[in-house]
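The following report walks through a protein chain with its sequence and model side by side. Please keep both in view while reading.

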Amino acid sequence: HPITALIIGSLIIVFNYQNAFYYWMTAKILITIFVVYYIYKNFTNNKFLNLSIFVFLTNFAQYSEIRISQYQFLFNIFLLLFLMSLVKKKDELERGILFFLTLIAKPISLLFLPVLFIKKYYKPALIGGSIFIASTLTFNILGIGNYFTDNLIYHLLNPKEGKSIDYMSLEAFLRYTFNLSPELIKYLKYLMLVSIYLIALNKKTHILTIIFFLISYFLFFYDHLFQYHFSILGPLLAICLLTLPDFQTKFAKLLIFVICLPTVFFILRVFNFEFIMDPVYGPNPTMRGWQITSFFQLLPLTLLFVIIFIKEIPTKKFEKLKFIKR
């Protein structure tokens, strides 16, 4: 977002460009340490506190994100603070501002907007959404923010079918491995998104569970999904562990632990299996190596999603429908 670019850019531009890269990395590390303390302070008596902090700190994707200095870090931190504000029943204005900050870090949280209304978080949705729309339109009127809205609309309406081992989404894996058509994948995307919003209508389903589903949806189907995007799971799963019983079962905790581990690419590299040293891009998997890496990257998240999604299906209503049909 233009606001994020101006704020971060104005802070970094005062330094030598070669040093600024490392200052930004250092700032991320210091913020991470502060956030760990903030989690500890707010959940001191929670029996899953130690495990939650362990999950947050051992998510290897976040260190990849820090090393390559992406903006995903900002979204991850603001998302964590926003989720904590929902759980801890903070001030509505604070929630609204935090929601706005997630939007200007990366507009992934636009997916949350319908859910906030469904779950009756009207004020945060209106505050955050209104400021986001007003600020975005302001920069567009000034003629310096069109790149943001144009890019956002393009990815929503015309997702790119990238042909690269850099993309780690379920969509890319299905397309390359099983040759699924773009039309079929589009139907799968719509079906999954509609299903998530329908589950959100269940009053018993916690808003954090729906946000987990929507973040998973983003990781499954975003057209430009790189490995560092999985860093979002560190803060998300840390808060889910502290709050939701479905994430506190033995199998769920095992899956969460596996999700936080490094990808199997390091094994391919150690044993020189389906691995190449590209003269331009450095160490890379072959196409088969990419398929192996993607499969094991996506498998634990997919299993966790399916298990929790099934638990949230209102079975009693389905049983009544079956009885009526009989």
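Does Arg95 count as buried or exposed? Arg95 counts as buried, because its relative accessibility is 6% and the cut-off for buried is under 20%. This value, like every other one in this report, is computed from a predicted model.

**Salt bridges**

The side chain of Arg95 meets that of Glu92 in a salt bridge, with 3.7 Å from N to O. Both residues belong to helix H6, which covers residues 92–105, and they sit three residues apart, about one turn of the helix.

| Glu65 and Lys28 | 3.1 Å | helix H4 (residues 60–67) and helix H2 |

**Overall fold**

The secondary structure of the protein comes to 17 helices and two strands. Its radius of gyration is 20 Å, close to the 20 Å that the globule rule gives for 326 residues, so the protein is as compact as a globular protein of that length. Along the principal axes, the C-alpha atoms fill a box of roughly 70 × 50 × 45 Å. Of the 326 residues, 47% are buried, and among contacts with a separation of 6 or more, 73% are between residues 24 or more positions apart. The accessible surface comes to about 17,600 Å², and 68% of that area belongs to carbon and sulfur atoms.

**Core and surface patch**

The largest nonpolar core has 91 residues, and those with the most contacts inside it are Phe212, Ile215, Leu233 and Leu304. Helix H12 (residues 207–221) gives the largest share of this core, namely 13 residues. Leu304, when residues up to four places away in sequence are not counted, touches several residues, including Phe212, Leu237, Phe247 and Ile259. Helix H12 also holds Thr209, which counts as buried at 3% relative accessibility; beyond its neighbours within four places in sequence, Thr209 is in contact with Leu244, Ile308 and Glu312.

On the surface there is a nonpolar patch of about 850 Å² of accessible area together, with Phe54, Phe251, Phe295 and Leu299 among its residues. Helix H14 (250–260) and helix H16 (287–312) are the elements that give two or more residues to this patch. Leu299 is found in helix H16 and counts as partly exposed at 33% relative accessibility.

Pro2 has its place in helix H1 (residues 2–12) and is buried, with a relative accessible area of 5%. Its contacts, leaving aside neighbours within four places in sequence, are with Phe139, Ile144, Gly145, Tyr147 and Phe148. Tyr23, in helix H2 (residues 17–42), counts as partly exposed at 43% relative accessibility, and its C-alpha atom is separated by 8.2 Å from that of Ile12, eleven residues apart along the chain.

Note on methods
Residues numbered from 1 in each chain as written. Predicted model: local features only at pLDDT ≥ 70, side-chain atom pairs only at ≥ 80, totals over all residues. Heavy atoms only, no water. Core = buried A, V, L, I, M, F, W, Y, C linked by side-chain atoms within 4.5 Å. Buried < 20%, exposed > 50% of the residue type's maximum accessible area, 1.4 Å probe, protein only. Helix = DSSP H or I, 4+ residues; strand = E, 2+ residues; numbered from the N terminus. Contact = heavy atoms within 4.5 Å. Patch = residues over 30% accessible without salt bridge, like charges linked within 9 Å, V, L, I, M, F, W, Y side chains within 5 Å. Areas by Shrake-Rupley, 256 points an atom, 1.4 Å probe, with all protein chains shown as cover. Salt bridge = Lys/Arg side-chain N within 4 Å of Asp/Glu carboxyl O. Rg over C-alpha atoms; globule rule 2.2 N^0.38 Å.
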